[in-house]
Amino acid sequence: MKKISTLLLVAGLMTGCSEKALDVQNVNELTTDNYYKTEEDAVKAVNAAYATLASPELYSQMIHLTQELMSDETSATASTSPSLVQMREAEADASNEVFNFLWSGCYQGVYRSNLAISRIPGVPMNEDKKSRLLGEAYFLRGLYYFTLVTNFGDVPLILKVVDVSNPVEKQPSRTATAQVYAAILKDFEEAEKRLPVAYEEDDIGRATRGAAKGFRAKALLYRANLTNNQADYAASAQLFKEIIDSNVYDLMPDYRDNHTNINENNRESLFEVQFSTTVDPGAFCDECGTGGLRPLEMGVRGRAYNNVIPSEWYVKQFETGDTRLLASVFGPRGSKFDGLDYFQVLEYDSWFDIKPTDYATRKYQKDAGNEFDWTTGSDVNIRLLRFADVLLMYAEAVNSAQGPTGEAYAAVNRVRERADLKPLDPGLSKAAFMDWIMHERVVELGMEGHRWRDLVRWKKAYLELTSKGRPFDEKKHYLFPIPAKERQLNPNLTQNPGW
């Protein structure tokens, strides 16, 4: 169940987000010693840490724009914000506001998580629930730091509530990536110990044991990509296998169920950001932000801003007969919107009139009527980790450690079978099998925020982007810059190479 407070509608990318677009500071303004006295206070503290995920700085809006536009799965349009175009075309500098949104959003989440972790232990309440709430806070802190380290590299590692009267704490230096990953893994492991397998009723949507294990395995895989540490590949594969063998999760029969407001928090979902257009203070999570703004930015032309569209390259990656194509993109023959053939929505005469620039993203869009409600925003949850992703990352981790085993084949073929595709040919080399995993990640997870980070961790961004005419400096662009605004506030922050 997802219940979220009223929408602070961001009318445009650089107008609404220049202010604190999501302001649920009412929880964190009460951080003096006279707060955190009851179980309700503890729950609200953790809910506030969740709320940042749903803010425009992160999964309501900005993180989609940065991660999608940096990838080769998308194209910008004439209406795309100049700040985003500059980022995409390698023309941005550290003063570009899009980098600051991502940084500040994550650190707001870290701050709220730290508040919960530091104050909840002293609250008199049921000890089992206290432990669970702490597990949720550890999970969220790990998730925010995972986003930070994969985008910025070395970042300040703040694991307690900062004493602003202490200059060292107020202006921390950057921490080495290896130490940040160690802290992330520790947080996810601690969360896994404390969290339940599942929830009931109004608590559905909170972090679970499977979510913590899944992100711990993902962090191990990403660290292995950086260091080529075979032990990390093996450990990642083992954790993914535990998730698969648990039988708690499975693929949904209908691929489309992963991207609509129907069947949310389903058996395929390990964790998703909750959005709603209604308010119900009795349910999780009444402080969790607003209706989502992604459909505003990535919607159908004439119905929304249409600032990010699927690229022609992305659409061409789908094999003939792949049922995921029409579930992912408006534009190819047979796609419908608002009860009409898509070409009619664009007021064209036939399918032959549609050009690649007419494509639109179907994922996280509603098919009936205006897919973006200008009053409330979108109530479609954003899935951060799906079982299909677990299967593909498991196959990747196994292949990296051992080569293409039968179990690795079975994991990939399980994903392909749902899309009505034939199994992979047996006997592939390790490199050829990895090529197929890369392909499957595009067509299964495309436009879900994974491709850019995949290109970075595989060190494939230079090859893939420059081959499509995009500029990319290998010595610079694998990391975002430390935002100039943050370095003005904190002179102890060094800058990433080339920026």
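The second largest pocket of this predicted model has a volume of about 270 Å³. It is lined by 16 residues, and T208, Y249, N265, N266 and S269 are the ones closest to its centre.

**Pocket lining**
- By residue class, the lining of the second largest pocket consists of eight nonpolar, five polar and three charged residues.

**Chain overview**
- The secondary structure of the chain amounts to 21 helices and eight strands.
- Taking the contacts between residues at least 6 apart in sequence, 71% join residues that are at least 24 apart.

**Nonpolar core**
- The largest nonpolar core is made up of 137 residues.
- Within this core, the residues with the most contacts are F139, Y145, L148, F271, Y342 and F387.
- Helix α7, which spans residues 127-152, gives the most to the core, with 13 residues.
- Leaving aside residues up to four places away in sequence, Y145 touches Y107, V110, V155, P156, L157, I158, L159, V180 and I184.

**Positive phi at Y364**
- Y364 is not a glycine, yet its phi is positive, at about 65°.
- The residue sits in the loop that runs between β7 (360-361) and β8 (382-386).
- Y364 has a relative accessible area of 2%, and because this is under 20%, the residue counts as buried.

**Positive phi at D420**
- D420 is another residue other than glycine with a positive phi, here near 65°.
- Its position is in the loop between α17 (406-418) and α18 (430-445).
- The relative accessibility of D420 is 56%, which is over 50%, so D420 counts as exposed.

**The two loop residues side by side**
- Y364 lies in a loop between two strands, β7 and β8, whereas D420 lies in a loop between two helices, α17 and α18.
- Y364 is buried, while D420 is exposed.

Terms used
Residues numbered from 1 in each chain as written. Predicted model: local features only at pLDDT ≥ 70, side-chain atom pairs only at ≥ 80, totals over all residues. Heavy atoms only, no water. Core = buried A, V, L, I, M, F, W, Y, C linked by side-chain atoms within 4.5 Å. Buried < 20%, exposed > 50% of the residue type's maximum accessible area, 1.4 Å probe, protein only. Helix = DSSP H or I, 4+ residues; strand = E, 2+ residues; numbered from the N terminus. Contact = heavy atoms within 4.5 Å. 1 Å grid on protein atoms, 1.4 Å probe; cavity = no way out; pocket = protein on both sides within 12 Å on 5 of 7 lines; lining within 4 Å. Points joined across faces, edges and corners; volume = space filled by probe spheres on them. Nonpolar A, V, L, I, M, F, W, Y, C, P; charged D, E, K, R; others polar.
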